[in-house]
Amino acid sequence: MSFFISDALAQGEPAAAAGDPFMALLPLVLFAVIFYFLLIRPQAKRQKEHRKMVEALAKGDEIISMGGMAGRIADIGENFVLVEISDSVQVKIRRAAVESVLPKGTLKEL
């Protein structure tokens, strides 16, 4: 007499265990679709918007960097941006590190 679960499962009907293979894959397909619409698609949309914003940067734009530094763009290069954070204080950051562009005049309020 054996009390192991594998022996108990092996004694079940073999016809019941051999179900439709499509029904076995259906939860995985549903999970993949939900994963795409809730995670992958929104992230790709945010990346596309950020790329467009970085490409549209212009001299004089007021920005906030990903590090939280706020300033006005003094000069733009291909990969880097020179940001004036105070009078005669300029910092060079990567273009991709620009998090958002602020409306004009926002730095005066900060």
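Tyr36 is partly exposed, with a relative accessible area of 38%. This value comes from a predicted model. Phe37 is partly exposed as well, at 47%.

The structure holds two aromatic pairs. Tyr36 and Phe37 form an aromatic pair, and its geometry is edge-to-face. A pair of aromatic rings is described by the distance of the centres and the angle of the planes. For Tyr36 and Phe37, the centres lie 5.1 Å apart and the planes make an angle of 80 degrees. The pair counts as edge-to-face because planes over 60 degrees apart fall in that class.

Now the stretch around residues 22–40. UniProt, in an unreviewed entry, places the feature "transmembrane region" at these residues. In the model, residues 22–40 are 100% helix and 0% strand.

Next comes Glu62. Where does Glu62 sit? Its place is in strand 1, which covers residues 62–65. Is Glu62 buried or exposed? Glu62 is buried, with a relative accessible area of 2%. Buried means under 20%, so Glu62 falls in that class.

The table sets out the accessibility values.

| Residue | Relative accessible area | Class |
|---|---|---|
| Tyr36 | 38% | partly exposed |
| Phe37 | 47% | partly exposed |
| Glu62 | 2% | buried |

What does the side chain of Glu62 reach? It reaches the backbone nitrogen of Leu107, at 3.2 Å.

Conventions
Residues numbered from 1 in each chain as written. Predicted model: local features only at pLDDT ≥ 70, side-chain atom pairs only at ≥ 80, totals over all residues. Heavy atoms only, no water. UniProt positions renumbered as here; feature names shortened; annotations may be inferred. Helix = DSSP H or I, 4+ residues; strand = E, 2+ residues; numbered from the N terminus. Phe/Tyr/Trp six-rings, centres within 6.5 Å; stacked < 30°, edge-to-face > 60°. Buried < 20%, exposed > 50% of the residue type's maximum accessible area, 1.4 Å probe, protein only. Polar contact = N/O pair within 3.5 Å; in protein donor to acceptor, adjacent residues only side chain to side chain.
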